[in-house]
Amino acid sequence: MVRILTGAGVVFDVLYRARDLEAHYTQAGVISTETARALVEYFGWFSLHTLSGSLAYQIGLSALFLVLGLLLMVGFATRLVTPLCWMLYVSVQNRFFAGDYPGDYVLTLLLLSGICLPWGAWFSVDAWRGRGRAMPAPRYRGLSAHAFFLLFTVFLCNTGISKFAAGDRWLDGKALYLTLSSIRYTSHWLDWTLEHLTLLEVVTYAVPWIELVSPVVLFFPWKNGGVRTLAVAIICAMFTSFGIGLDLHQLPFLAAVAYLGFLPPWFWDRFLPALSRGAWWRAPPSEEAVSHDLALAPGRVFVSINNGLVAVLLALHATHYYYKIGNYGYFSTPRSPPVLVDKTLSFLKMKNIYRMFSDPRVFEQSDGWDVAPGVLASGREINVFTGDALSFEQPKDLIQSIGGFRWRQYLTLMNWYPTWNPKNITSYHVIEYAAMRRDLARYLCRQWNARHTGADMLVRMNLAMVIAPVRYAQPKPSYRVVELLEQAHPCEDVGASPARGPVAAPEHLEPERAAR
């Protein structure tokens, strides 16, 4: 099930990114190929998507990735397809680094885990093709399975620890109110809860404890089947509620997929007996039958290499979280992992740079929405993002008003993160914001004027933040508009090429930290 749903997540991601292939992944987009290539080189990443800035090349990679995602879903050549999916997923993230979010980290971990797990042994074309051989038992125990459990146990425990370490709003019961009130992230589906402060306070107190304790309960020795099933249900319900109240794209779905992998045989045998016994893709072993690595792998050498890879991944993960959790304030001074470890973590995309709303005080500092004021040749003023008459009033749907989820992440990184308290910042992003904003303005001018003529041509434009900080149990204060370009960007050179190089020479890049 985890493999099938992970493949579905890959397919959805490819199709969603396809809406903005030109804007986010080509030379004509908001981040030029040279800029992306310079950052990839600086951080020691890799990205096939930076090899060419042409739209045809990006369409080709997307089509390949879509096919691989579908093959992963049906379980065809799973041992080959899974690492290829991971490689292309990391590649596309690194090309448009400014649009990433926690769900990217979760899907990367799922794919990385799947490389080491026997994903093709059941519910797959691979299993059907091998039906003449003795089928393995439906239960698997191996080092890679234990690694999968530990990776996602630590991931959730870390989010709980980060909330306790941040203190304040999670400990005084105000965090959920502030988060659900954030214009940048709310879906408005749970706005009714803002009228019930006591309810929100109780849930706020509970969330860090659920994140910290429930993963540990998964390994509870007494009545493990029922207890583990209950813990998985609580975790999935928590992420589902997050997904209802906040615009988090695929994150709630992918997190639920990961923790569905924790469901014990007790659950499958009692609630889905048709899927547990008597089908061609499953053997009918005794209740205690278990498959081990040698029954699922091509040979002992493969098992040894696979287990060695798993051990390395576990060591890297443990090192990463030792420093990450220690830097929440448990070290006397911030520390960094060894350079080789840090670069390897970055290369594999295993660095968890996200805090999962651990410090919602940032929304009390600045929250709001984005507007691109523009003037047409006719003199009419518009919002270039929407094409409507210029208005600084709050949009009904922020994501729709700026073009999509990845656009929100991009604009949040470029415009809003720099306004938040630097001590909450945990990301590796290195960017020169002024240059990125000029590139965005140039792109918007070019796109608008490619579709309009005469009096509807865009003459000049700016980028603006409309700031309306959150106030606990109070109406938002009157908004204020902050223009981000020193002067309006002229659109006369709309036929010119996009930004032609890195936003800054790699040797001059200095780490800018960006909150997640």
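This is a predicted model: local features need pLDDT of at least 70, side-chain atom pairs count only at pLDDT 80 or more; totals for chains, interfaces and linings use all residues.

Colleague: How many bridges join β2 to β4, then?

Modeller: Three, and the two strands run antiparallel; β4 covers residues 458–461.

Colleague: And what about β3, in which sense does it pair with β2?

Modeller: Antiparallel, over three bridges, with β3 spanning residues 381–383. Within β3, Ile 382 is the bridge partner of Gly 374.

Colleague: What sits between those two strands in the hairpin?

Modeller: Four residues separate β2 and β3 there, and Gly 379 takes a positive phi near 95 degrees in that hairpin.

Colleague: Back to β2. Which residues point which way?

Modeller: The strand is residues 373–376: Pro 373 and Val 375 point one way, Gly 374 and Leu 376 the other. All of them are buried.

Colleague: Why does Pro 373 count as buried?

Modeller: Because its relative accessibility is 11%, and the cut-off for buried is under 20%.

Colleague: OK, what does Pro 373 touch, leaving out residues up to four places away in sequence?

Modeller: Among them are Ile 382, Val 384, Leu 390 and Phe 392. Pro 373 also touches Arg 460, Met 461, Asn 462, Leu 463 and Ala 464.

Colleague: And how many Å apart are Pro 373 and Asn 383 in space?

Modeller: C-alpha to C-alpha it's 4.9 Å, with the pair ten residues apart in sequence.

Notes: Residues are numbered from 1 along each chain as its sequence is written. Side-chain values use heavy atoms; hydrogens and water are left out. Buried means under 20% relative accessible area, exposed over 50%, partly exposed in between (1.4 Å probe, protein chains only). Two strands pair if DSSP finds at least two bridges between them. Contact means heavy atoms within 4.5 Å.
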